[in-house]
Every structure is written in structure tokens, then in C-alpha cells.
Amino acid sequence: MFKKDVILAQEYLGFLLLNLFDLFLTGWIFRHSGQEANGIAALVLKYWGLRGFAIFKFVMTAIVIVICEVIGKYSNVRARQLILGASTLYVLVVFWEIYLIFAFILHPIQEEKSLGQLLVA
């Protein structure tokens, strides 16, 4: 009765995995005195801590998926374009975080500077 196939299940799985990578990499950066570049996410982190931050990230992910499902009722092509576009943005974010982590590991910053200052600079 309630059975309905998810139209873009593989795309959603990739999007969720990218979000998970982003969360883990962001956590590593936070543990090394990094800062959140997204202003809204930084406010969530400030007021609700890491748990609230993780919930916020996954709520945003769920919203994108729900929007894709709604759009998918009218146009599978548009829904696929949206989820692939969002995934592409997350790929860029993940690559940027990996770059920052390797830069930090390969070129340690003196004690008076933090990774947060590296991210801002």
C-alpha cells in the first residue's frame, strides 16, 4: 500500500556519503582549531555545539533529498540535475577540506597560529 520506489536512490546514496565525508573532515579540522566557513553553520555550531551541528548538516541533506523527490514527481531529469549539482558542490567542499588537511599536515603551523588562521588566510 505504501510501497514506492525512490527514484534516484543511487544518487541520494552518493550525496549522503559525500555529506558524511564532509562531516568527518570538518570534525578533523575542528579538532585542529579550524573554523566553519559557512556563516549559518557557524552559528549553529556556536549555539548548539557539535551534536547540533551534525543534526543541522543532516537536516539540510534531508531537505535537498525531499525537494528532489517532490521535483521528481514532475520531472526526473530536473530532480537528477539538482541532486547531481548538489553532489558536485559537496565534491568540491570535500576536496577543499582534504587540501586544507594535507596542507596542515605537510606544513605544520607554529604554535601561535592555528588551523583556523590558515583557513581564513
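The second largest pocket here has a volume of about 150 Å³. Keep in mind that this is a predicted model, with a chain average pLDDT of 85 and 84% of the residues scoring at least 70. Here's a quick tour of that pocket, a couple of ring pairs and the confidence scores.

**The pocket**
- Its lining is made up of L23, F24, T26, G27, W28, F30, R31, L50, F53 and A54.
- Two elements, helix 1 and helix 2, each give two or more residues to this lining.
- By type, the lining splits into seven nonpolar residues, two polar and one charged.

**Aromatic pairs**
- You'll find five aromatic pairs in the structure.
- One of them joins F30 and F53 edge-to-face, at 5.4 Å centre to centre with 65° between the planes.
- F30 sits in helix 1 (residues 9–31) and F53 in helix 2 (residues 39–72), so this pair ties together parts 23 residues apart in sequence.
- Both F30 and F53 are buried, and both also turn up in the pocket lining.
- Y47 and W48 have ring centres 6.4 Å apart and planes at 65°, so they also count as edge-to-face.
- Y47 and W48 are both exposed.

- Among the chain's elements, helix 3 (residues 76–106) has the highest mean pLDDT, at 93.
- Helix 4 (residues 115–120) has the lowest, at 53.

Terms used:
Residues are numbered from 1 along each chain as its sequence is written. This is a predicted model: local features need pLDDT of at least 70, side-chain atom pairs count only at pLDDT 80 or more; totals for chains, interfaces and linings use all residues. Side-chain values use heavy atoms; hydrogens and water are left out. Rings of Phe, Tyr and Trp (its six-membered ring) pair if their centres lie within 6.5 Å; planes under 30 degrees apart count as stacked, over 60 as edge-to-face and the rest as tilted. Helices (H or I, at least four residues) and strands (E, at least two) are DSSP runs, numbered from the N terminus. Buried means under 20% relative accessible area, exposed over 50%, partly exposed in between (1.4 Å probe, protein chains only). pLDDT is the predictor's confidence in each residue, from 0 to 100. On a 1 Å grid over the protein atoms alone, a cavity is a set of points where a 1.4 Å probe fits but cannot get out, and a pocket is an open set with protein on both sides within 12 Å along at least five of seven lines; lining residues have an atom within 4 Å of a point. Grid points are joined across faces, edges and corners, and a volume is the space filled by probe spheres set on the points. Ala, Val, Leu, Ile, Met, Phe, Trp, Tyr, Cys and Pro count as nonpolar, Asp, Glu, Lys and Arg as charged, and the others, Gly among them, as polar.
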